[in-house]
Amino acid sequence: MKRLGFLIFLTLLLVSFSSTTVLGEGSMLEDINKALKDEVTYYDNHSVNVIDSIETNVPVMENKKETDKNVKVLFVAFKEVRGDIYFWDNSQIYYYDIDNNQIVNSADVLGNEATSEFLKKHENVGEKKLRTGSFLLLMSSIFLLILAPVIIAFFHNGSRSNERIVIYNSKRVPY
């Protein structure tokens with residue numbers, strides 16, 4: 001009986017710790033979602049995922065003064081949708097002030113060794129990738145627009161007969 005009570009207590013304790021972590025990350029994701037809505041024109045709402053992150057103490061320029069802030073550096077991936085047909089995967093790096101619960105402008109972050117290593121680790125940030133289905137749709141539409149008329153013209157002209165007809169005195173005579 002004591003074991004069962006202890007196990008129930010442990011599960012409740014673990015659930016309470018995990019929910020506080022999720023709530024903290026939820027507000028951070030909402031702030032990033034708002035920032036992406038403002039920055040990216042074709043952003044697919046609520047498609048942001050945190051791929052990698054680190055927490056570090058970084059010097060930040062604030063009102064022309066250098067202050068140290070406890071910042072979480074995030075490598076996020078999100079989706080862009082253009083015309084409900086073409087889907088792009090994109091990524092970006094954000095700096096999130098943990099103490100004030102707000103996004104820090106990347107131009108204000110002076111950086112340190114940990115952030116420079118993090119940026120080197122994620123060199124392909126901002127690289128857009130067209131998804132496979134969208135790429136196939138794009139290539140097939142290019143094929144239809146450019147090559148299909150050429151193929152139709154080739155087969156259409158090839159179907160004529162080789163017989164020449166010469167008109168003499170308003171009569172059709174085979175050549």
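Glu80 forms a salt bridge with Arg82, their closest N and O atoms lying 3.5 Å apart, where a salt bridge is a side-chain nitrogen of Lys or Arg within 4 Å of a carboxyl oxygen of Asp or Glu. This is a predicted model, in which local features need pLDDT of at least 70 and side-chain atom pairs count only at pLDDT 80 or more, whereas totals for chains, interfaces and linings use all residues. Residues are numbered from 1 along each chain as its sequence is written, and side-chain values use heavy atoms, with hydrogens and water left out.

**Salt bridges**

- At 2% relative accessibility Glu80 counts as buried, while Arg82 is partly exposed with a relative accessible area of 29%; buried means under 20% relative accessible area, exposed over 50%, and partly exposed in between (1.4 Å probe, protein chains only).
- The structure holds five salt bridges, and those that share partners join Glu62, Lys69 and Asp97 into one network.
- Lys69 forms a salt bridge with Asp97, with 3.4 Å between the closest N and O atoms, and this pair links distant parts of the chain, since Lys69 is in strand β2 (residues 65-82) and Asp97 in strand β3 (residues 86-97), 28 residues apart.
- Lys69 counts as buried at 9% relative accessibility, and Asp97 counts as buried at 1%.
- Asp52 forms a salt bridge with Lys121, the closest N and O atoms being 2.9 Å apart; because Asp52 lies in strand β1 (residues 49-62) and Lys121 in helix α2 (residues 113-121), the pair ties together parts that are 69 residues apart in sequence.
- Asp52 counts as buried at 18% relative accessibility, whereas Lys121 counts as exposed at 58%.

**Fold**

- The protein has three helices and seven strands, which are DSSP runs numbered from the N terminus (helices H or I, at least four residues; strands E, at least two).
- From the N terminus on, these elements run α-β-β-β-β-α-β-α-β-β.
- Of the contacts in the protein with a separation of 6 or more, 58% are accounted for by residues 24 or more positions apart, a contact meaning heavy atoms within 4.5 Å.

**Surface**

- Of the 175 residues of the protein, 22% count as buried, and the accessible surface comes to about 13,100 Å², of which 58% belongs to carbon and sulfur atoms; accessible areas come from the Shrake-Rupley method with a 1.4 Å probe, and for residues only the protein chains shown count as cover.
- A nonpolar surface patch of about 1,300 Å² is made by residues including Phe135, Leu136, Met139 and Phe155.
- Patches are made of residues with over 30% relative accessible area and no salt bridge, with like charges joined within 9 Å and nonpolar side chains (Val, Leu, Ile, Met, Phe, Trp, Tyr) within 5 Å.
- Phe135 is found in helix α3 (residues 132-158) and is partly exposed, with a relative accessible area of 41%.
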